[in-house]
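Trainee: Please give me a close look at the paired side chains. Keep it to one connected walk, and begin with any term I need.

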Amino acid sequence: MDIGTISLVLLLGLMVLLVIGMPLGFASAILAVLVLVMKFEPQLLYAPWTFGDGILTGRPGSGPLNILAQKIYGLLTDYVLISIPLFIFMASLLERSGIAKDMYTSLNIWLNRTRGGIAVVTSIMAVIMAAMSGIIGGEVVLLGLIALPQMLRLGYNQNLAVGVICASGSLGTMIPPSIVLIIYGLITETSIKALFTASFLPGFMLASFFIIYILVRTRLRPEDAPLPEPIPGEPEGREKWMLFGGFFSLVIAGAWSFFAARVLFFELSGQNASNTGDPIRFGTIDYLPWFVGTVVIALALVFFVFGVERTKKGWAMGKGLVPPTIIIGVVLGSIYMGITGITEAAGMGAFAVLVMAAMRGEASFDLVWDSLLRTLKSTGTIIWVTLGAAALAGAYTIAGGPVFVADLVVGLDVPPMGIILVMMLILLFMGAFMDWVGIVLLIIPVFLPIVLKLPIDQIGLFGELDPRHVAIWFGVVFCMNMQVSFLSPPFGPAAFYLKSVAPAHISLTDIFKGFLPFIGIQLVALSVLLIYPPIISLLL
């Protein structure tokens, strides 16, 4: 059977199976078998009694089935895949411990007298949570439990409150260590560290767009975000800034003391002298004067500018921000300083959260057991979808599908940006109906080879993308698409996550209404990536 007919049957079959409610993993696996039969042994469809006479069934363990089995086995045994359950475990521990709640309290103290401050605090907290674990569902639920009641109690516009929580809670798609980026890197054999680095600016750009929108909207419509009543004795204005300055100086002194101690450890242990490859990043002796100088300046500010008593008070107000900062430093710092890989960093992050929970007196058997159960359920779902979708993608690849689609698209009389825009529309449409795991496994292996064939100088409108970064750029663009998909009706998962913890009077329709401005903001951010692709190369 020709590949064009197979592609049409595959598309229609996938739509029908998803519409009738079959889980994506099983639907993909069924279609994978169907694709192989149509391509290599179509007589089984009209003469099933011939089983054992064809290339598929005649020699079990060889031919296309063997190639497919090797592809699936290689994906499921990739070492980096272990990082996914570790990040999910870390997010589960964070959700059940008080670390996130204390972080919200500290952020709220500093910004509660700003118009729209609680919404801004929610966005900032979402960014920090995303940088700690990269899990989306847990963030939306946690913000729904902590921030939504606070905003509704103060009279915030319901649509604004709902939109901020779900849009910001989905930032784990874009901000490292994003699980979406990890899966993309595994499927496309792209450097996950490079993907993390490239997504930094677009991720924080999107978060800043959310915050700017909140600040502008709440100033144009003050009734959407009433200011809370001032608390007697609460510091304001210059005094609050001085308190924050003392707190920040103390944090900087502590962080740079750690870096100085790290340099001394490498120097005294002889690791710098014995290192024959690249020097240890930020670990050589020439960095020591800078680190020590920074510590001295920070302590001088504490003693002679802000004052010891003010710094103590500032520490009491802001100490909830310290554990998340340490966790982010452990996870991302260990990756970018060359200490560990992605998987080891995930394990270190999970261990750091567990240690902090123990230090706070929150660690218990129930905490760990509940977190492990949630990790098992979430990982099992991802693995089943990965298994089925990898089987379908592999079967379609063996049948020649990607080459057929690539030749079909490249052969169209459409400029390269027109082809990319069509891909964006397909991704946005599929994102409204399908889980991101299925999309990255089924569609990306077809789309990425097409993008790699396009003239590099015709991708984007301004600036020229480095040819080495095309796959990385498309990965970041894909993640921005999936960011939109989490809010897209009718099956935007963020809406259902929030509905599970929202007050009864907030319906799904109300939640989707609150999404509309934020979907527009996400599309603006996506447009920036398409118009100026070199933005992903600025940190590479």
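Mentor: A residue counts as buried under 20% relative accessible area, as exposed over 50%, and as partly exposed in between. Keep in mind that this is a predicted model.

Start with Arg310. Its relative accessible area is 23%, so Arg310 is partly exposed. Glu239 has a value of 30%, so Glu239 is partly exposed as well. These two residues form a salt bridge, and their closest N and O atoms are 3.2 Å apart. Now place the partners on the chain. Arg310 sits in helix H15, residues 308-318, while Glu239 sits in helix H12, residues 237-268. They are 71 residues apart, and the pair links distant parts of the chain.

Stay in helix H15. Lys312 and Glu309 both lie there, three residues apart, which is about one turn of the helix. Their side chains also meet in a salt bridge, at 3.9 Å from N to O. Both Lys312 and Glu309 are exposed.

Next, go to Arg221. Its side chain meets that of Asp224 in a salt bridge, 2.8 Å from N to O. Compare the two ends. Arg221 is partly exposed, because its relative accessible area is 40%. Asp224 is buried, because its value is 2%. Both belong to a network of salt bridges that links Arg217, Arg221, Glu223 and Asp224. In total, the structure holds eight salt bridges.

Now turn to the rings. A pair of aromatic rings is described by the distance of the centres and the angle of the planes. The structure holds 18 aromatic pairs. One of them joins Phe210 and Phe518, edge-to-face, with 5.6 Å centre to centre and 65° between the planes. Phe210 lies in helix H11, residues 192-220, and Phe518 in helix H25, residues 508-531, so the pair ties together parts that are 308 residues apart in sequence. Phe210 and Phe518 are both buried.

Phe518 has another partner, Tyr213. This pair is edge-to-face too, with 5.3 Å centre to centre and 80° between the planes. Tyr213 is in helix H11 and Phe518 in helix H25, 305 residues apart, so this pair also links distant parts of the chain. Check the accessibility of each. Tyr213 counts as partly exposed at 22%. Phe518 is buried, with a relative accessible area of 1%.

Finish with a group. Trp110, Phe244, Phe247, Phe248 and Trp315 form one aromatic cluster.

Key:
Residues are numbered from 1 along each chain as its sequence is written. This is a predicted model: local features need pLDDT of at least 70, side-chain atom pairs count only at pLDDT 80 or more; totals for chains, interfaces and linings use all residues. Side-chain values use heavy atoms; hydrogens and water are left out. A salt bridge is a side-chain nitrogen of Lys or Arg within 4 Å of a carboxyl oxygen of Asp or Glu. Buried means under 20% relative accessible area, exposed over 50%, partly exposed in between (1.4 Å probe, protein chains only). Helices (H or I, at least four residues) and strands (E, at least two) are DSSP runs, numbered from the N terminus. Rings of Phe, Tyr and Trp (its six-membered ring) pair if their centres lie within 6.5 Å; planes under 30 degrees apart count as stacked, over 60 as edge-to-face and the rest as tilted.
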